[in-house]
Amino acid sequence: MNDDLDFDPTALRSFLEEGPELAPSGAIDPVLAQVRRQPRRRFAPVGLLVRLREAGERLAPTTAALRLAWIAVLLALLVLALLSGALVGRRQPALPGAMNGLIAVAVGGDVWLLDPGSEATTLLATPDLEETALAWSPDGRWIAVALAERSSARSHIDLVRVDGERRSLTGPYDTITGGPVWSLDGELVLFTARSDNRDVVLSVTLDGSTRELASASGAAGPSLAPDGRMLAFTAVGTAGPELWIIPLEAGPAAPRSVSLADIGDAVAGAPTWAPNGLELVLGVVRDEPGGWALVRVWVSDGTVEIVDGPWSSDPGPPALAAGPGGIVLATSRGDYVVEPGETLAQPTQSRALAAMAVSPDGRWLAELLGVACGADACPVEVATIRPDTGGAAAEPRAIGVNARIPNDEPFTGFLSWQPLLYPVDEIAIEIEETCTTISDGRESRAGTISRHEDVVVSCIDRASDPRLSGTRTITFAIEIRPDQSATLAGSSVLRNDDGEWAGTFSGSVAPGYTTHEVDATAQGSGAFAGLRYRFHLTGDGDAFSGTGTVGPGD
Amino acid sequence: MEVDLVERARRGDQAAFEELARAAQDRLYSVAYRIVRDPDLSQDAMQAALIAMWRDLPALRDPSRFEAWSYRLLVRASIRVARHERHERDVRRIPTGEVADPWDAPGRIAQRDEIAHAFGRLTPEHRAILVLRFYLDQSLATMAVVLGIPEGTVASRLNHASRRLGEVLRATRAAELEPERVP
C-alpha cells in the first residue's frame, strides 16, 4: 500500500503520535452524571429481540413440536415485552420548534397536512385530481401543488390553503415534470413542464401570467439557488444527462450546462443546492450495471466530482434535502448525512424512503417512509427527527398517514415543511433552568423583614423551543420574612444568538426558603420581534423547571 | 473481564458502564484528538460517543466486538463534531523560523509542519480513516468492522484519503514557492 502513497507514512505516523494520550481529568463525569439521571428502560425492545434471537439460535429445536413450542414462547414473550413497554411508558421525543409549522405531504395522489406537534393529520381530499408534488410559499400561507386530472391526465398547478381554499394558478400542460418551486419573495412559482411536444422551464406570477425561461429536451427537477438568483434544472442532451444553471435576473451571468454523460445515464430527482450557493449535489443513475452515484457540481467552473459511489448497491439513489446546516442525504440504508460523507445516525427500522424535508429552523428532518411493508403494499408514515443531537430528540417521531403504496408502483412522494415565523396560536413550551447568584444586592431591614434590592442572578435556560433557550439575567428585589418565606419581583432578559426576551416577573418562596414559584412575561426583540413569552417556573432557587407559552405579542 | 462488563452494562448496570467508560476514556480521547485536532472538541466527541454507547449497548450483539464498536461510535461523533467546527477553525501553521524542537533537523520540522497543515485541510472523514490506519495501525478488515462498510470500500476510501493528503501536500509546497501568497 505504501508504494502508492504520495507522502511519507513515517512522517504521518510521527505527526499522529504527537498529542495527548490521556483524557483530561473529569472528562467523563458529565457522561456518568447523565447515565445516572437516565437509566435505560428496563425492557429495551432492541436488546430483548436480540436476546430472543440469540436464544433461538442456541436452542436450535429439532422437532416440529419443539419448534412450535418455541414459537409460542417467543410470541408470549413478545406480548409481555409490548405490555411492559406500555406500562413503563415511552420517553417522549422533543417536538419541532415553534418556527416549524405543518408538514405538507403529497403521496399516493393525495395531499396530507401533518401537525408534528399534535400529530394530527388532515387529508385535503380531491377525488378527481391526483397531486404529485408541492411546496409551501415562503410566508407559509399557500401551498403550490402540481396535479393531474384523473380523467384526462392533463396537469395543472393550483394554490391551496390550509383551510382547503383552492385556486387554479396555471395549466393545463401535458405533464408537469418538475417543481413547483417558489421564488424567495413568493411572487413567482417556477416549474418544468411538457407542452406541445416541447420541454420548457416556466415561471408563473400569482395572477397566472406565465413566462418561458428556457427550453431543453427532458427539462425537469428545477431547483432555486439559496440567493434566488439562479435556477438549476436537469435535461437530456445528445450525449446524455446534463445539468443546466440559468440566471433568473438580467445581468452578466449566462446560462451554463454541465454534461454528466461520462458519469451515468440519467439524473435521479432534482439537484440540491448547498447553502453556500457554490455547489450542487445530485444523484446520477446508471443502467448497466445498475447503481447510482452522488455527484457534486461546482457552480463557478462546472467541475464535476463523484462524492459517494460510484454504483452503490443500494436499491435506490439517495434522497436529498438542503437546510442551513448543509445538504442532508439519506440512503435506503437509513443513514443521515450532513454534507456528503458524514453519518449522523444509524438506521432505525427497515423502511423505504421516498422524500425528505428540512424544517424551516434547520434543526429537524422530516422523512416520508414506507414501513412494515407487507406482501402487497407499504403503509406510509412521516418521521420527524433531529439528527444532530442525541437523546430523546434523536428518536424518530412517526406520524402515520392513511395511505398505502402498492408494491408494484414506485414509492414516490413529496414533503414540504411550512415556514411559520409568527405562530397563529400560542405554543406550549417546556423549560429547565439552572441559576447562579451573581450579587446579593443591598440589604436593608424594616422591622422583622429583611429586604434585598438589586439582587442579580444569571441562569442558563433550556427550552423545548430553541428560541427560548439561552442565558437569562435576572435583577430583582426580595423581602424575606422571619419564617424564611419571601416575595420577590423584578425584571429579566433572556438572550441567545438570534434575539432577546425582556420582561418582568414576580413570585414567592415557601417558608424555610424552600420552594420558589415565579410567573413571568417577556416580549421578544431581534428575530423574535412581535412575539410574547409567558412562563411559570418552580424550583429550589438554583434549579427550576416549568412550562410556558409563546405566541403573537400585544 | 471486559466482556463481562459489557454484558452487565448491556443489561443496564450503571456501575458496569461506569467502569467500562473509565477504562475506555483515554483510548477514545486520544483517537478523537487525532481526528478533530482540538482538546475541547475531542472531549465533546468522546462524551457523545460514550452517551451513544450507553444508549445503544442493548443492540450490540457480540460483546467481544465492544472495542471496534466503540471506535465506530467515536469516529462518528468525532466527524460530527469536526464538521460543525470545520468552517470556524483552521490548523495553525508554525511560522517560518519558529522551531518547536531544537533537536529536530530543520527539514524534519518543515515536513512535520507540512503534514500538520495538510492533515488539517482534509475532511474529517479522511482524517478519521488515516487515523485508524496510521495511528491505530488497524488492518483493512478491522477498519471495515469499525466503519461498518465492506473491506473494498475501506480500501477505496483509504486510497482516496491518501491521494488527497498527497495533493494537499503538493499544493502546499507549490504555494510556499510563491512568497507573495499568504496561505
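Which residue forms a salt bridge with Glu279(A)? The partner is Arg296(A), and the closest N and O atoms of the pair are 2.3 Å apart. The legends below cover this pair and other close-up views.

The model is predicted, and local features need pLDDT of at least 70, side-chain atom pairs count only at pLDDT 80 or more, while totals for chains, interfaces and linings use all residues. Residues are numbered from 1 along each chain as its sequence is written, chains are lettered from A and ligands numbered from 1 in the order in which they are written, and side-chain values use heavy atoms, with hydrogens and water left out.

**View 1. Salt bridge between Arg296(A) and Glu279(A).** A salt bridge is a side-chain nitrogen of Lys or Arg within 4 Å of a carboxyl oxygen of Asp or Glu. Arg296(A) lies in strand β18 (residues 291-298) of chain A and Glu279(A) in strand β17 (residues 279-286) of chain A, so the pair links distant parts of the chain, 17 residues apart. Helices (H or I, at least four residues) and strands (E, at least two) are DSSP runs, numbered from the N terminus. Arg296(A) and Glu279(A) are both buried. Buried means under 20% relative accessible area, exposed over 50%, and partly exposed in between (1.4 Å probe, protein chains only).

**View 2. Salt bridge between Glu433(A) and Arg472(A).** The N to O distance is 2.8 Å. Glu433(A) belongs to strand β29 (residues 427-439) of chain A and Arg472(A) to strand β32 (residues 470-480) of chain A; the two are 39 residues apart and link distant parts of the chain. Both residues, Glu433(A) and Arg472(A), are buried.

**View 3. Salt bridge between Asp199(A) and Arg194(A).** The two side chains meet at 2.7 Å, N to O. Asp199(A) has a relative accessible area of 11% and is therefore buried, whereas Arg194(A), at 30%, counts as partly exposed. Elsewhere in chain A, Glu131(A), Asp158(A) and Arg166(A) are linked in a network of salt bridges. Over all chains, the whole structure has 24 salt bridges.

View 4. Trp136(A) is buried because its relative accessible area is 6%. Contact means heavy atoms within 4.5 Å. Not counting residues up to four places away in sequence, Trp136(A) touches residues including Leu102(A), Ile103(A), Trp142(A), Trp182(A) and Trp417(A). Ile103(A) is 33 residues from Trp136(A) in sequence and 9.1 Å away in space, C-alpha to C-alpha.

**View 5. Crossing of helix α2 (residues 14-36) and helix α6 (residues 124-134) of chain B.** The axes come within 8 Å and cross at roughly 135°. Axes are lines fitted to C-alpha atoms, for helices over the stretch in contact, and angles run from 0 to 180 degrees between N-to-C directions. α2(B) and α6(B) are therefore oblique to each other; angles under 35 degrees count as roughly parallel, over 145 as roughly antiparallel, 65 to 115 as roughly perpendicular and the rest as oblique. The contact joins Val31(B), Arg34(B), Ile35(B) and Val36(B) of α2(B) to Pro124(B), Arg127(B), Ala128(B) and Val131(B) of α6(B).

**View 6. Packing of α6(B) against helix α7 (residues 140-147) of chain B.** The angle is about 140° and the axes are 10 Å apart. This pair, α6(B) and α7(B), is therefore oblique as well. Ile129(B), Leu132(B) and Arg133(B) of α6(B) meet Met143(B), Val146(B) and Leu147(B) of α7(B).
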